[in-house]
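This report describes a structure shown below. Please look it over before reading on.

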Amino acid sequence: MSGYLYAIGLSLLSLTMIVVLLRRRRIREKYVGIWLALGSAVIVFAVFPGAAVWLARVLGVQTPANLLFAAAIVVLLAVCVQLSVELSSTEEKVRTLTEEIALLRLHVDQAQDSTET
Amino acid sequence: MRDDSRSPASRAPRLAVIVPAWNEEVTVGAVVKEILEHLPRCVVLVVSDGSTDTTAEAARLAGASVLDLPVNLGVGGAMRAGYKYALRHGFQRAVQIDADGQHDPSQVAALLAPLDDDTADVVIGARFTGVGSYDVRGPRRWAMRLLGTVLSRVAKTRLTDTTSGFKACNERAIALFARDYPSEYLGDTVESLVIAARAGLRITQVGVQMRPRAGGRPSHSPVKAAAFLARAVLALVVALTRPRSETQEVDR
């Protein structure tokens, strides 16, 4: 039985951590949703272990634990892909800004040269 | 220079020679001087791609304008910055020349000829057309063959050397590349040609003689060549399957 208590404690802890990070603006809201949903789901399964057994039977999965593992892998995969997408778009923004800075710097240099002479 | 701004020669298209350079302080000065010798009217724009040496300073001393990128973006990134400069300052021609000295500035005129005749929008200086000697073997050669075959199909013209960095563009191509020029591996050569072809630009090639690179030799390691083949195929597949909405038509 104590295993469930650990699970509840752990998911409460992670939920609190995410909310704290969000309140301190260390994570942006668009990345938080999936973690909040995940934390809540873990709590539900920890408080009502029967829910996992029932869900596994409904979905035709023999061992409830396997259902949870599979679901966890899918969710983590989705998070990783989302992060890659966000990183790529950030890189593209950095690239555009880098170009802009170089263009502006050349412009400023040329303007300075022409006023000096 | 200013006095002849009304002479017939000034009606000739304004030419920017874009030189992407990453830590090329040894060669860039000589390359810039040589370009200005052969093309005294052009503006040489050296794009220092996050160089940590004195590339920018050397280029400035040799008489080039310098776009000094604060971080390294790769050849594609440097070239898009160059095309943006060319677009914003109203250049009608842009030629890319590598800073390692393997492209001969005396051949730029040959590259510009199809643009001035208005028979092409992008001209590639190609190494495998009987002019000069350029020798590659094994998987690297297969990769280049494959790229040449597929891109010839896409561009509806015979292209034999699609990875050449020696290229000339007119104002339509400048406008397109200032907006969309990939910084991926091979994006500056292979994918940019696909983008140009799909935007309806006419691509052609002109045979040029390449000089040996001032520093470094092309790798002949079979592993590297195989990796090149794999990445070339990936770049090609990605380029050809991009949603068309991202490669808009250019106004004619």
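## The contact between the chains

In this predicted model, the contact between the two chains draws on 12 residues of chain A and 19 residues of chain B. Three residues, A:Arg95, A:Glu99 and A:Leu103, provide 42% of the area that chain A buries against chain B, which is more than any other three residues supply.

The size of an interface is often expressed as the accessible area that is lost when the parts come together. Here chain A and chain B bury about 1300 Å² between them. Carbon and sulfur atoms account for 53% of that buried area.

## The build of chain A

Chain A contains four helices and zero strands. Read from the N terminus, its elements follow the order α-α-α-α.

What radius of gyration does chain A have, and what would a compact globule of 117 residues have? The value for chain A is 24 Å, whereas such a globule would be near 13 Å. Along the principal axes, the C-alpha atoms of chain A fill a box of roughly 85 × 30 × 15 Å.

## Surface and charge

Of the 117 residues in chain A, 15% count as buried, that is, they have under 20% relative accessible area. The chain exposes about 8700 Å², and 70% of this is supplied by carbon and sulfur atoms.

Chain A carries 10 positive and 9 negative side chains. The centres of these two sets are 20 Å apart.

Technical notes: Residues are numbered from 1 along each chain as its sequence is written. Chains are lettered from A and ligands numbered from 1 in the order in which they are written. This is a predicted model: local features need pLDDT of at least 70, side-chain atom pairs count only at pLDDT 80 or more; totals for chains, interfaces and linings use all residues. Side-chain values use heavy atoms; hydrogens and water are left out. Helices (H or I, at least four residues) and strands (E, at least two) are DSSP runs, numbered from the N terminus. The radius of gyration is taken over C-alpha atoms; the globule rule is 2.2 Å times the number of residues to the power 0.38. Buried means under 20% relative accessible area, exposed over 50%, partly exposed in between (1.4 Å probe, protein chains only). Accessible areas come from the Shrake-Rupley method with a 1.4 Å probe; for residues, only the protein chains shown count as cover. Lys and Arg count as positive and Asp and Glu as negative; His and the chain ends are not counted. The place of a charge is taken as NZ of Lys, CZ of Arg, CG of Asp or CD of Glu. Contact means heavy atoms within 4.5 Å. Buried area is the accessible area (1.4 Å probe) that two parts lose on being put together, summed over both.
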